[in-house]
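Dear colleague,

I am handing over the structure below, and I would be grateful if you could look through it with the notes that follow.

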Amino acid sequence: MEKLENINFKNSFGTLSEDFYTKQGWSPLPKAKLVSFNYDLAKELGLETINPGYLIKIFNGEVSVPNSEPLAMAYAGHQFGNWVPQLGDGRGILFGQIKTANGLKDLHIKGAGKTPYSRFGDGRAVLRSSIREYLCGEAMHGLKIPSSRSLIIFTGEEPVFRETTEPGAMIVRTASTHIRFGNFEYLCHNGKQNLLPELIDHVIEEYFPEYVELENKNELFFEAVVKKTAELIAAWQSVGFAHGVMNTDNMSILGETFDFGPFGFLENYQPDYICNHSDYQGRYSFNNQPNIGLWNCQALASALSPLINETQLKKSLENYQLYFYNHFIHLFRGKLGLIKKDHKDFELIEETLNFLKQEKLDYTNFFRNLNGFIFGDKKFSLQEKLRKRFEFEEISQDKHEEIVKANNPKFILRNYLAQVAIEKAEKGDFSEVNKLLEILKNPFLDHKGLDDYAKESPEWGKNLEISCSS
Ligand code: AMP
Ligand code: MG
């Protein structure tokens, strides 16, 4: 077994000024019990030789780990467009970072108990929302979309009070960083502008080392955030993912999907879909996500204005749309099984989406079976247009089918699938969580005997009201 002493945990965030965080330990869940262990991720982190039972002891705070310096981060943010000056890790602990082949990864424990940023909360997370976050991080990763993921999920015998009493849980979340737009906003709008250079220098050193020596490093950093954000949201749109709570405190500065709450994947193509039932005005509707991505970048620009001149900030913000559409069109060409570029592709994509909306078709399954639609019995003019566009590619139908299958998942985390797994888990049976994890890791593959998991949701599951409490 790998000795913990040999694992090089560090917490570089903890080397910054004390205004950025509170160093503290956390509160174990009594009688912690494994729900699921993400072995593939453990391997990437070099933790696969440590027994999951022992990992629980570590991340439940029962044994202390040399060189770890746990802390709760301070941040602020715009929630539903409103400024909230003080947020922060109210139930999370940044345990530290670990070096991997894909760069540094943060380990963050969610559901870890109270911190100075808990406000009125209990510092805990329920098993239900933890399972959703655990599964969706892996689903996004499987879909090749940048995302936080989770290494392990465990529950414990401490009831948590939400609308009803529910079992509590912790997840150990990994992300390239836990620094959010809201960390910069926190400094800028709370009279701590003098600390902005320290944070931006830290971020550039850790995550953009290629900019360190450059005079315009701050400008380049902001440009990179705008690009990563625009491309992330284009990717969300391409798989029909609605985040639900795109507050600036849930936006990673490295453009990773972050903080899974009442998210949902489109079932029938419905562009005005609102997955968050507390979002009465549809601010975070599926359709609105690209605009909100830009709004959030504007909020970050405002927080960076003491460091970067206005002309430069505006220039980067103006590029948002370009970054978004370039990536959007690129991804949709793949979905349509196309490689070549044609200047009318955007029109064709729009027409396809309008068709889906009109016919109320299942978004995922329509694209997955696109080859069959194009070459099947002709009923719609769209088929003819797509066939004509296919002919321009000069590839075989088989090759087209191959491209379509490689770019359109068979499996997504439909709400009802998560719900079934949650209800079993709440009764102590974690098999469905583990089964879904395996399917969602490889959503582009046919999983033998599991075709039911790719079917449209049953009627009862289509309009599930997902509680926002977590
Ligand atoms: P979220 O909606 O999960 O992004 O959380 C927004 C803010 O509320 C963050 O500062 C969280 O740390 C905090 N928060 C959410 N739930 C709890 C809780 N149960 N206890 C303490 N703080 C919480
Ligand atoms: Mg959050």
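The magnesium ion, which is ligand 2, is coordinated by N250 through OD1 and by D259 through OD, at 1.9 to 2.2 Å; donors here are N, O and S atoms within 2.8 Å of the metal (3.2 Å for Na, K and Ca), and since water is not among the atoms, sites may look incomplete. Both N250 and D259 are buried, that is, under 20% relative accessible area with a 1.4 Å probe and protein chains only.

This is a predicted model, in which local features need pLDDT of at least 70 and side-chain atom pairs pLDDT 80 or more, while totals for chains, interfaces and linings use all residues. Residues are numbered from 1 along each chain as its sequence is written, chains are lettered from A and ligands numbered from 1 in the order written, and side-chain values use heavy atoms, without hydrogens and water.

D259 also has a polar side-chain atom 3.2 Å from an oxygen atom of ligand 1, a polar contact being a pair of N or O atoms within 3.5 Å. A nitrogen atom of ligand 1 lies 3.2 Å from a side-chain N or O atom of R91, and for R162 the corresponding value is 3.3 Å.

Best regards

Definitions and conventions:
A polar contact is a pair of N or O atoms within 3.5 Å; within protein, one must be able to donate a hydrogen and the other to accept it, and residues adjacent in sequence count only if both atoms are side-chain atoms. Buried means under 20% relative accessible area, exposed over 50%, partly exposed in between (1.4 Å probe, protein chains only).
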